[in-house]
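Hi everyone, thanks for having me.

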Amino acid sequence: MTEKLDIDHLRQWIGRTQEATDIVTAQLVKGLRATLFQDIGEPKTGDAAPFTVHWCLAQPVFPMSMLGPDGHPTRGGFLPPVPLPRRMWAGGEIAFLDSLRVGDETTRSSQIADVTVKTGSTGTLCFVAVEHVITTPRGIAIRERQDIVYREMTSAQPAGPAKAPPPPPKAQHRESHVSDPVLLFRYSALTFNGHRIHYDRDYVTKVEGYPGLIFHGPLQAALIIEMAAKLRGGKAPAKFRYRGLQPLFEGTEFSINANEVDGELELWTANAEGQPTMKGTAAW
């Protein structure tokens, strides 16, 4: 049974800060390029890294004894100890100011910006907003807000017959790939992400009740951002906003899609049925 959620206690984490440092290595860039379906090449000092390489840098490292049953660190450190068992990225916003390059020494300064509680169709939802600033010796490279959502462990199905999904949106630009379990494992390794929903099929199906391994939200966002840049001559968007809509699972085809709308790009990932799983907007 889920522990009672004390929002006043959790909001005491607002303002808490954390700082971490790391170096962009050529080996990391090669691994991330391979995982993002890019030419791997032989990156050298000064070469630009994929735009979301910062999600692979300075990840928290805890001993095995400090990990919870879901593979995440036990709660109550930098992030508030939200007593809801399911945790995922809900979305966020990124401002790209400078490229991260091979050899860059980076610092990530993080702060808990807000903690809120809402009630949705699946029960109680707790949102934690975290703001990050990534700097190099050249100055600020990235400003970011990540929205993390915690939710109850429920398998309750809505009453009545399931509604037919809306027709899939049409895309002016589209790429398709397969959400292979090896792809998910590689991204977990690159980001030192121990969350078992991405690699432990017994856990994700028998404990959390999903039909299969879950595609990382950040990996979907990374692929969307790379497509956006490709459609603008390799230039990262000045601002990118995104939010998750529904899980994307292993073993199926998925697509990365984009439409030109009023000088911006509306982008989304979609499952094999064409239903969007994450949406984003990129502006230059």
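I'll talk about some paired strands, then about the nonpolar cores, and finish with one valine. Keep in mind that this is a predicted model.

Let's start with strand S7, residues 239-244. Which strands does S7 pair with? One partner is strand S2, residues 86-96, and these two are antiparallel, with 5 bridges between them. Here you can find Ile94 opposite Phe240 of S7. Another partner is strand S10, residues 276-283, again antiparallel, this time with 6 bridges. In that pairing, Gly244 has Met278 of S10 as its bridge partner.

Hold on to Phe240, please. In the largest nonpolar core, which has 49 residues, Phe240 is among those with the most contacts, together with Leu100, Phe215 and Leu267. Helix H5, residues 217-230, is the biggest contributor to this core, giving 9 residues. There is also a second, separate core of 13 residues, including Leu5, Leu10, Leu79 and Leu84. As a general point, nonpolar side chains in soluble globular proteins tend to be buried together.

Now click on Leu267. Leaving out residues up to four places away in sequence, Leu267 touches Phe240 and Met278, and its other contacts include Ile224, Met227 and Ala228.

Last stop: Val115, in strand S3, residues 105-120. Is Val115 buried or exposed? Val115 counts as buried, because its relative accessibility is 0%. Setting aside neighbours within four places in sequence, its contacts include Ile7, Leu10, Pro80 and Phe127. From Val115 to Gly280 the C-alpha distance is 23 Å, and they are 165 residues apart in sequence.

Methods
Residues numbered from 1 in each chain as written. Predicted model: local features only at pLDDT ≥ 70, side-chain atom pairs only at ≥ 80, totals over all residues. Heavy atoms only, no water. Pairing = 2+ DSSP bridges. Helix = DSSP H or I, 4+ residues; strand = E, 2+ residues; numbered from the N terminus. Core = buried A, V, L, I, M, F, W, Y, C linked by side-chain atoms within 4.5 Å. Buried < 20%, exposed > 50% of the residue type's maximum accessible area, 1.4 Å probe, protein only. Contact = heavy atoms within 4.5 Å.
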